[in-house]
Amino acid sequence: MVLNIDRRQLVLGGGLGLGALLLPAGRGLAAELTGARGFTHNVASGEPGQDSMLLWTRYVPADGESIVRLDAEVALDREFTRKVSGGTVRTGAYRDWTAKITVDGLAPGTVYWYRFVGPDGAKSPVGRTKTLPGDNAARFGLGVFSCSNLPNGWFNAYGHAAARDDLDLWLHVGDYVYEYGNASYEGKRVEGRMLQPDHEMVALADYRLRFACYRADPDLQKLHQMAPMVALWDDHESTNDSYEWGANNHQPAREGEWNARRAAAMQAYREWLPVSDEPWKAYEIGTLATLYRTESRLLARTRPADLDAAFKAANPDAALSAFRDGEWQDPSATMLGTTQESWLAHALKANAKTSAWQLIGMATIIGRTVMPPAAVEWLKPDASAGTVAKFRNHIRAAKHGVPMWMDRWDGYPAARARLLRSAQRADADLVMLSGDSHNAWGYALAEDGKPAGVEFAGHAVTSGGMEGGMAADPRTVAQGFVAANPELKWADTSHRGYLMVEVTPQRVTGEWLFLDTIKERSTKLAGTHRMQVQRGRRAFA
């Protein structure tokens, strides 16, 4: 049975405290939380500007009111003796009791403290946020996250980042939540990491409840509480390998019409995260950089080309050559859609004249990647026949110059060329910040034989990477991928964590931080790796 979250006002984490779902009895406790009231899921901020900020909270009234009014307060100190801004916002069951308000009149590059006050006088937890800097900023710190699959492990990457004092903004590039039900993690779920709802999310109530479940995690709450976030969705916020008119993991006969599911996913995401309803946006980090939030999943992405059909052909080699020269090159294939492509090209051209770096947050990797010829030898001895066949097929495709991941930008070469050429024409110092693959990669991007920028592709917070199926030393796997792919300059295929990006006028430095474990709560690091790009080089130093 699909729970009606509006009717039952089901909340996770509220009345019994933030640790409610951290206990082995989390599933039973979830049922007890249906009566939670007040500020149930802490606070968050996002959509930063130089003089404005979007603030978020969730408040469920105790008296059965259908609509409530909340007051927001912003101050220069956490005791709120120096209030400088605020406002009033309404919320109700129609938006799952979440509330968002944009406050203005703030100063650039300034730390602020904020809170909400309920109609009963109750106060929310106090949040910390920071506006974007004005001109001539000397440094900006950005934490990049992706692929946070709750049953897979603890959100230690969030906890580690939240404790830092050198980061100004979080960027989440997708897979903030996952759609699968608990049965999908049988034998793999970390103790104490139980999902609600129990089944795969399909309807609006399911998506809302899944976000409520994730947002009960204390490390994620702390992350949101300490700094603003710019967030964009990838596929799992709706369902696996989604595109404009469908998804690999959507079966209309059982799960209904795609547009209804897509709308539910988008609505819940916008309710539960500190994001605006604008599909894409640019953020001016003074003269230092411009950060772009993109949308590449649900609004205009065309269905990926069908590479599997070539593998099943009577003559796979002939079919792969035909695929490479035909369907794969289709110029109508798009990740962003023509409207967003045009917006981004014009924005790069204008902003490259006024800001040193152009940072594009993207859900999936744009760097070109083919399967290394020795990859099948790295698999575990008990790898299934299907897995072995898949690797052999992609090795065969690589001999024809066909990359392995059609769901990434690799599956849209004409669109990729348009994006990179627009950056080259704009004379932009381009830095792509991406996720999705669960592993860590550093690419020096090229188009038409010329440097086009670099890509820092972040590893997952908890989602498992390709190392799960490998018996070979991860260093061998990484070296094999680098050797087989000219754009790829470094890789790690064995760790979870997050990416720290430091922006200065003359260089951008990316540091991949590897957490020691996700099987228990710990912020101990197992190591780091740094790479940097200097202004004007458009390649790693």
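**Reading a predicted model, feature by feature**

User: Let's begin with Asn 42: is this residue buried or exposed?

Analyst: Asn 42 is buried, with a relative accessible area of 7%. Buried stands for under 20% relative accessible area, exposed for over 50%, and partly exposed for what lies in between (1.4 Å probe, protein chains only). Before we go on, note that this is a predicted model, where local features need pLDDT of at least 70 and side-chain atom pairs count only at pLDDT 80 or more, while totals for chains, interfaces and linings use all residues. Residues are numbered from 1 along each chain as its sequence is written, and side-chain values use heavy atoms, leaving out hydrogens and water.

User: Thanks! What should I look for in the backbone angles?

Analyst: The general idea is that most residues other than glycine have a negative phi, and most peptide bonds are trans. Here Asn 42, which is not a glycine, has a positive phi of about 65°. Asn 42 sits in strand 1 (residues 38-46). Helices (H or I, at least four residues) and strands (E, at least two) are DSSP runs, numbered from the N terminus.

User: Which phi does Asp 436 have, and where does that residue lie?

Analyst: Asp 436 also is not a glycine, and its phi is positive at about 80°. You will find Asp 436 in the loop between strand 16 (430-434) and strand 17 (440-447). With 16% relative accessibility, Asp 436 counts as buried. For the peptide bond, go to Gln 196 and Pro 197, which are joined by a cis bond with omega of about -5°. Pro 197 belongs to the loop between strand 9 and helix 4.

User: How many salt bridges does the structure hold?

Analyst: The structure holds 35 of them. The criterion is a side-chain nitrogen of Lys or Arg within 4 Å of a carboxyl oxygen of Asp or Glu. One of these pairs is Glu 73 with Arg 115, at 2.7 Å from N to O. Glu 73 lies in strand 3 (residues 67-75) and Arg 115 in strand 6 (residues 111-117), so the pair ties together parts that are 42 residues apart in sequence. Glu 73 is buried at 16% relative accessible area, and Arg 115 is buried at 14%.

User: How buried are Arg 193 and Asp 217?

Analyst: Arg 193 has a relative accessible area of 2%, and Asp 217 has 2% as well. Their side chains meet in a salt bridge of 2.8 Å, N to O. This pair links distant parts of the chain, 24 residues apart: Arg 193 is in the loop between strand 9 and helix 4 (204-214), and Asp 217 in the loop between helix 4 and helix 5 (218-226).

User: Which residues are linked in a network of salt bridges?

Analyst: The network links Lys 130, Arg 139, Arg 164, Asp 166, Asp 168 and Glu 502. Asp 168 and Arg 139 meet at 3.9 Å, N to O. Asp 168 counts as buried at 10% relative accessibility, whereas Arg 139 is partly exposed at 30%.

User: How do I read the two faces of a helix?

Analyst: An α-helix has 3.6 residues a turn, so residues three or four places apart point the same way. In helix 13 (residues 474-484), the buried residues are Val 477, Ala 478, Gly 480 and Phe 481. Seen down the helix axis, these buried residues fall within an arc of 160°, so they line one face of helix 13. That arc is taken from the directions from the helix axis to the C-beta atoms. The face turned away from the buried side carries the exposed residues Arg 475, Gln 479 and Ala 483.

User: Where does Asp 330 lie?

Analyst: Asp 330 lies in the loop between helix 9 (316-325) and helix 10 (338-351). Asp 330 is partly exposed, at 34% relative accessible area.

User: And how do I read distances along the fold?

Analyst: Val 376 and Arg 262 are 114 residues apart along the chain, and their C-alpha atoms are separated by 37 Å. Val 376 counts as buried at 18% relative accessibility. Ala 183 and Glu 278 are 95 residues apart, with 35 Å between their C-alpha atoms. Ala 183 counts as exposed at 66% relative accessibility.
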